[in-house]
Amino acid sequence: MVDPDNQLNSPFFSRNSTPFSAESDYTLLSPEAVSAFRKIIWQYYEANRREMAWRDTTDPYAIFVSEVMLQQTQVARVRAKYPEFMAAFPDFASLAAAPLEKVLRVWQGMGYNRRAKMLRDAAVMVMEEFGGCLPKTPEELVTLPGIGPATAASIAAFAYNAPVVFIETNIRRVFIHFFFPTEDKVHDDRIRPLVRQTLDWINPREWYYALMDYGAMAKQAVENPNRRSHGYTVQAAFDGSDRQIRGRVLRYLLDEGPSSRDAVVAACGDDAERTHKIILKMVGECLLSEESGLLRIA
DNA sequence: ATCCGGACAG
DNA sequence: CTGTCCGGAT
């Protein structure tokens, strides 16, 4: 599996040993590897724990907001926005009752604006279908809009200290770095059993904080191991992209209020036909609506 | 100029 | 399974 002459960053592979329990079984870690791995992660965490407002609480709403914000968004940006959002919408009831326009206004700068709509819609669903109480199991949580497998499991782990197994980018990076140091196109299906075997079943909440902090550090320390994950892709440039136009359209309507489509098209893009299509798509997503000739935040 | 990040629709 | 969705940092 591993070229013994390769210089490896992972401490788990040497000339004559691997962290796995059998030479032909790369799914079962040896007990020694499990405890050595845990020790590395815990020791790092003890010395380098990252402080975050949403780690100081187990309020399900606070965790829920933070996890949606953290989707596709780095910690630094969430840190800056989170207090403002929580002050504006302190609980499920206030978020559920808020007009989308108000939510998007607070959301500005976070990007991927559909998240803000789904977050508000999820709050409505919590109020109406779960009696104002966030469900506890990942199975129920994924039924909420904007909550996929990773976010559902994160919420279960952080709000309820549930020993769930999940993978997000920091976790993936740690496991690829330590256990697949020379492999390419590593599937999450190969990582998940290792996450399960190394999980701290008593304190999954702190364990996942520790894993994520280590993973965030690891992308600075070594060439990002996630480039060797199966799903890794390089994104198209932002400049000149549809995403950029969408961002402009939204900001224009927030600044100017309901406007004619022509005014928005003129202000937000060079190619009128293209901008038109983008606007129509946003209407299709119920981010915008159009009535009596005026385009507005839905 | 390049990098980073989960959900969802087609 | 593949393409789409944002913006700040570097």
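Which way do strands β1 and β2 run, and how many bridges join them? Select residues 20–22 for β1 and 25–29 for β2: the two strands run antiparallel, joined by two bridges. Strands here are DSSP runs of E with at least two residues, helices are runs of H or I with at least four, and both are numbered from the N terminus. Two strands pair if DSSP finds at least two bridges between them. This pair forms a hairpin with two residues between the strands, and Ala-22 stands opposite Asp-25 in β2.

A quick note before moving on: this is a predicted model, where local features need pLDDT of at least 70, side-chain atom pairs count only at pLDDT 80 or more, and totals for chains, interfaces and linings use all residues. Residues are numbered from 1 along each chain as its sequence is written, chains are lettered from A and ligands numbered from 1 in the order in which they are written, and side-chain values use heavy atoms, with hydrogens and water left out.

Next, show DNA strand B. It has 20 residues around it, with Gln-72, Gly-146, Thr-151, Thr-169 and Gln-235 the closest. (A residue is near a strand if one of its heavy atoms lies within 4 Å of it.) Zoom in on Gly-146: one of its backbone N or O atoms sits 2.4 Å from a phosphate oxygen of DNA strand B.

Which residues of α2 meet α8? Look for Pro-60, Ile-63, Phe-64, Glu-67 and Val-68. Among their partners in α8 are Thr-151 and Phe-158; contact means heavy atoms within 4.5 Å.

Last stop: DNA strand C, surrounded by 15 residues. Gln-235 is one of the closest, and an N or O atom in its side chain is 3.0 Å from a base nitrogen of DNA strand C. For a phosphate oxygen instead, pick Lys-281, whose polar side-chain atom lies 2.9 Å away from one in DNA strand C. Finish by selecting residues 242–256: this is helix α12, and its five residues make up the largest share of the surface near DNA strand C.

Terms used:
Polar contact = N/O pair within 3.5 Å; in protein donor to acceptor, adjacent residues only side chain to side chain.
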